[in-house]
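Please look over the model shown here. A short report on its chains follows.

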Amino acid sequence: MKLPIFLDNHSTTPMDPRVLEAMLPYFTEKFGNAASRNHAFGWAAEEAVDAARKQIARLINADAKEIVFTSGATESDNLAIKGVLEMYKEKGTHIITAVTEHRAVLDTAKALEAKGLATVTLLPVDKQGMVNPEDVRNAITDKTVLISIMLANNEIGSINPIKQIGKIAKEKGVLFHCDATQGVGKIPVNVQDMGIDLMSFSAHKIYGPKGIGALYVRKKNPRVRIAAQMDGGGHERGMRSGTLAVPLIVGFGKACEICQQEMAAESERLTKMRDRLQSAIMGALEETYLNGHPTNRLPGNLNISFAYVEGESLLMGMKDIALSSGSACTSATLEPSYVLRALGVGTELAHSSIRFGLGRFNTDEEIDYTIKKVIEVVTKLREMSPLYEMAKDGVDLKSVQWAAH
Amino acid sequence: MAYSDKVVDHFNNPRNMGSFKKDEDGVGTGMVGAPECGDVMKLQIKVQNDTIVDAKFKTFGCGSAIASSSLATEWLKGKTLEEAQKIKNTDIVQELNLPPVKIHCSVLAEDAIKAALADYHKKSDAK
């Protein structure tokens, strides 16, 4: 086993060697511009892009023509939201989204609102991080042009009832955008069945290269139109100009193909590994709390709060394991994770949270090591924690008058 | 963000971690911070003849907060009450090479020292 261990697969993933292999010829031999229509170099590139488009579309049950390549999910979110709002401004300017969305969605909506181009309704989530479809229904007005709800949350892994939300959107004639960055390739996604009109996702979360993403834009029932946010050569059916990044697109396609073939087995393996990690840690340590939905979550996701210890110090104690924390000790605001806060997790428990993100290349041996290390470090830091000492002495920490600073 | 070697050393080998009994003779206790803010420090001094003969800490917080309080206990030992009063957060920042986002950890450590001294004075005045 090699250290450090990578258990932060929600942030990014290592590229699958099979993906790299597929990409390599497109850097050197087949370097053509896919938009060059009059020579063999261009044709080879175009052919590769078409093949990748099909592989990507197949994974989400879309048509290849409905895939618009972007630089990543952040750009896709921006293009979807700004593009729809600009295109349909005559109809209305109201957007419905939720508090636990990724910043690429929230900040895009806020930016439009700040410019006076949109009004935004932020829906709450329940204790397990789920959006209630009835809240979506109730928030729709005759000015609503877009609903944007994520498939699975990047911190807590909870999976939203997308199909029900899609159904409501269709009933009400409102477009539905879904940020599916964390879900595509990990759980089955079917844009037809789920009633999704626009969908953002990217390659580097599914063992593909960084710097390439896609926006699915529905072509019929209804035909969705978006205003381009970048002017130029009119690539991607006029929706996103810029020379296509052929090697990255080839890698994205290959990554999708592998996910499609291996999703069932991989999901089963990761779920088993994740459940083992969860029960070993939570069985050995008292006062640990699972954040997010207990079952309806991404296979590789585990988010736990460890009472009485601060997340960043936990990460420091486990520095040979790459993890992420909801603690925001490094941020100037001292505000911990807004996602956990939206679930109603207390600020102190939000500071104490760790996100484990398991992926394709993690092994049972690595999980064994992680279990041992987590228990050891949490125990050590609790010995060091005045809060743990007080709790053990029977002091109710909520009754203490703390001097907030 | 990379931690300085000194922060890592204090974090891995905390000095004087532990507690005195609060009602023990000559003990002053300072508890500062709040759980919602992500850090709480408890710093204790044991005083004989106006000199700090021992110090202990317990901290809930990030690595820099733990290192700041660990360092503070090291510095406090052997100092007179008057000298201890003069320890500044900037001294801690310098010694541990704390980045700007971690300066509040050193401020908290200074507050903890002041609180422990005040508690000791209050208790000895009461006698």
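How many helices and strands does chain A have? Chain A has 13 helices and 13 strands. The model is a predicted one.

**Chain A**

The C-alpha atoms of chain A fill a box of roughly 80 × 50 × 35 Å along the principal axes. For 405 residues, a compact globule would have a radius of gyration near 22 Å; chain A has 22 Å, so the two agree. Of the 405 residues in chain A, 50% are buried.

In chain B, 3 strands form an open sheet. Their order is E1-E2-E3, with antiparallel pairing. Strand E1 (27–34) and strand E3 (51–60) of chain B are the edge strands, each pairing on one side only. From one strand to the next, the twist averages 15 degrees.

Strand E2 of chain B covers residues 39–48. It is joined to E1(B) by 8 bridges. One residue pair can be named: Gly28(B) has Ile45(B), in E2(B), as its bridge partner.

Two helices of chain B pack on this sheet. The table sets out their contacts and directions.

| Helix (chain B) | Residues | Strands touched (chain B) | Angle between directions |
|---|---|---|---|
| H2 | 63–76 | E2 and E3 | about 170 degrees with E3(B) |
| H5 | 103–126 | E1 and E2 | about 145 degrees with E1(B) |

Strand E2 of chain B is touched by H2(B) and also by H5(B).

Notes: Residues are numbered from 1 along each chain as its sequence is written. Chains are lettered from A and ligands numbered from 1 in the order in which they are written. This is a predicted model: local features need pLDDT of at least 70, side-chain atom pairs count only at pLDDT 80 or more; totals for chains, interfaces and linings use all residues. Two strands pair if DSSP finds at least two bridges between them. Helices (H or I, at least four residues) and strands (E, at least two) are DSSP runs, numbered from the N terminus. Axes are lines fitted to C-alpha atoms, for helices over the stretch in contact, and angles run from 0 to 180 degrees between N-to-C directions. Two residues are in contact if their C-beta atoms, placed from the backbone, lie within 7 Å. The radius of gyration is taken over C-alpha atoms; the globule rule is 2.2 Å times the number of residues to the power 0.38. A residue is buried if 20 or more other C-beta atoms lie within 10 Å of its own, exposed if 12 or fewer, and partly exposed in between; C-beta atoms are placed from the backbone.
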